[in-house]
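Let's take a walk through this model together. Have the sequence and the 3D view open side by side, and follow along as we go.

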Amino acid sequence: MTVTAVVGANWGDEGKGKITDYLARDMDFVVRFQGGSNAGHTILNEFGKFALHMLPSGVFYPHVHNVLGPGVALNIVGLAKELQYLKDHGLVPSFFHISDRAQVVLPVHILLDQAEEMRLGANQFGSTRSGIAPFYADKFLKIGVQVADLFFKDRLRQRIERNLALKNFLLPTAYQLPIQDPLEITEIVSHYADVIAPFVCDTTLLLHDALKNNQGILLEGQLGALRDPDHGIYPFTTSSSPLAGFASVGAGIPPYAIRRIIAVTKAYSTCVGAGPFVTELMGPESNALRERGGDAGEYGATTGRPRRVGWFDAVATRYGCMIQGATEVALTNLDVLSYREEIPIATAYTLGDKTTTQFPPTAELSQAQPVFEVMPGWRTDITSIQHYEDLPPSARQYVERIETLIDTKIRYISVGPQRKQIVIKP
Ligand code: GDP
């Protein structure tokens with residue numbers, strides 16, 4: 001079987017959780033390769049409604065091996081809560097594996113993330129405050145803590161002393177916060193080992209064996225292409241790469257093994273946090289779309305914050321599909337637009353006296369204005385449609401226009417938040 005990556009084409013929240021949950025039925029492994037509890041994948045299926053932050057979206061299938069690869073930011077407190085939440089709903093993942101090389105989010109990462117956003121005040125990034133930026137900063141400063149370190153107490157203490165050395169200058173001076181005692185933190189963190197011990201292994205080896213055995217592997221991305229630190233809307237990006245290209249690194253599989261790259265995009269745009277967002281709607285029009293969007297309005301699955309909403313941005317999405325290397329697209333939330341008489345799509349941007357269809361760097365993007373093309377709406381409920389030819393002609397016209405503009409085949413069309421509400425485009 002081929003390896004499939006399910007990744008975001010935009011700013012995140014595209015509906016990757018739903019698509020992963022749908023595709024996981026036919027997979028043997030579902031792997032998270034980057035990010036941490038800042039993710040919020042909403043999944044509605046026969047077991048109920050779940051917002052997964054740490055766990056891969058394959059946990060609802062008893063046959064699926066769920067893997068947190070070396071590239072993830074492992075929040076063990078969050079993970080324990082999520083496992084408990086599943087247990088309360090009668091669900092215990094049959095196979096769950098955590099890479100012994102993944103690194104651990106420390107309490108100080110969360111503290112610093114919160115303190116820094118507060119210090120920035122009006123200029124804050126809109127971080128989910130789950131410690132992700134300080135975590136990845138430490139990883140690349142080489143002062144992080146690997147999962148394997150948790151099982152060697154002396155080593156763990158040394159790693160934590162090293163980690164906290166500079167921070168204990170910073171905390172009282174920059175943030176007026178008390179210093180952290182390395183011994184106390186070592187005690188707290190060493191208990192994390194008990195929570196994860198049954199799941200820890202060399203997941204890279206596991207996945208290489210799976211490849212040899214021709215098993216199905218799905219790599220589940222978090223956030224979207226425009227949040228990539230290199231290719232996205234820097235500095236309003238995340239701190240790890242959400243690109244399929246990075247999936248091989250963060251999961252530990254050969255790059256050439258990934259054959260299908262499914263870029264997920266919504267039929268309109270949403271964006272959480274700060275940064276340029278060219279098609280953004282304001283006022284009553286934005287409220288009308290936000291209240292109808294997703295499964296219960298467009299509010300962040302991790303933070304509950306209202307998402308910024310706008311019309312479909314073909315410039316940003318074509319770029320997102322390009323940098324993901326998308327072989328196909330899943331278009332979600334098409335049903336949400338059923339209330340509209342007419343639906344605008346941004347086909348280009350104006351930048352001063354220039355018009356462009358290319359996605360510019362952030363400095364120019366902030367000046368960009370959308371050029372809209374208006375498509376007819378369909379004004380009918382499409383949530384129970386199962387076959388492409390049964391969609392109203394103007395809904396198909398909308399899908400096909402997007403397909404042309406983003407230069408990538410649309411394979412899946414999601415017409416509701418439930419697993420079964422999906423149409424395969426022939
Ligand atoms: P993810 O992080 O990419 O998995 O996306 P989120 O879960 O944060 O946000 C997607 C939202 O859209 C969630 O509320 C989903 O339940 C919802 N959703 C996914 N697909 C559809 C769809 O086709 N129609 C509707 N109405 N909601 C959908």
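Let's begin with the cysteines. The sulfur of Cys321 has its closest cysteine sulfur in Cys271, 17 Å away, and that is too far for a bond. Keep in mind that what you're looking at is a predicted model. A disulfide, after all, is a covalent bond between the sulfur atoms of two cysteines. Overall, the structure holds zero disulfides. Cys271, too, is in no disulfide, with the sulfur of Cys321 as its nearest cysteine sulfur. Are these two side chains' residues buried or exposed? Cys271 is buried, at a relative accessible area of 0%, and Cys321 is buried as well, at 2%.

Now zoom out to the whole chain. It is divided into domain 1 (3-100 + 200-262), domain 2 (103-196) and domain 3 (265-424). If you trace domain 1, you'll see it written as two stretches, 3-100 and 200-262, with domain 2 taking up 103-196.

Next, look at where domain 1 and domain 2 meet. Their C-alpha centres lie 24 Å apart, and the contact draws on 24 residues from domain 1 and 20 residues from domain 2. How much area is buried between them? The figure is about 1,600 Å², and carbon and sulfur atoms give 67% of it.

What about the polar side of things? The count of salt bridges between domain 1 and domain 2 is zero, but six residue pairs are in polar contact across that interface, with both residues at pLDDT 80 or more. As for secondary structure, β6 (73-74), α2 (76-88) and β7 (95-99) are the elements that each give two or more residues to the side of domain 1 that touches domain 2. Of these, α2 gives the most, with four residues.

While you're on helices, have a look at α1, residues 16-23. This one is mostly covered, with eight of its eight residues buried. In an α-helix there are 3.6 residues a turn, so residues three or four places apart point the same way. In α1, the buried residues include Ile19, Tyr22 and Leu23, but also Lys16, Lys18 and Asp21.

Finally, there are a few backbone spots to check. Where is the cis peptide bond? It joins Tyr234 and Pro235, with omega at about 5 degrees. Pro235 has its place in the loop between β10 (217-224) and α8 (244-251).

Then there's Arg129, which isn't a glycine but has a positive phi, near 60 degrees. You'll find Arg129 in the loop between α3 (107-120) and α4 (132-141). Arg129 counts as partly exposed because its relative accessibility is 27%. Lys142 also has a positive phi without being a glycine, at about 65 degrees. Lys142 is in the loop between α4 and α5 (153-175), and because its relative accessibility is 62%, Lys142 counts as exposed.

Note on methods. Residues numbered from 1 in each chain as written. Predicted model: local features only at pLDDT ≥ 70, side-chain atom pairs only at ≥ 80, totals over all residues. Heavy atoms only, no water. Buried < 20%, exposed > 50% of the residue type's maximum accessible area, 1.4 Å probe, protein only. Disulfide = S-S within 2.5 Å. Domains from an automatic or database assignment. Contact = heavy atoms within 4.5 Å. Buried area = accessible area lost by both parts, 1.4 Å probe. Salt bridge = Lys/Arg side-chain N within 4 Å of Asp/Glu carboxyl O. Polar contact = N/O pair within 3.5 Å; in protein donor to acceptor, adjacent residues only side chain to side chain.
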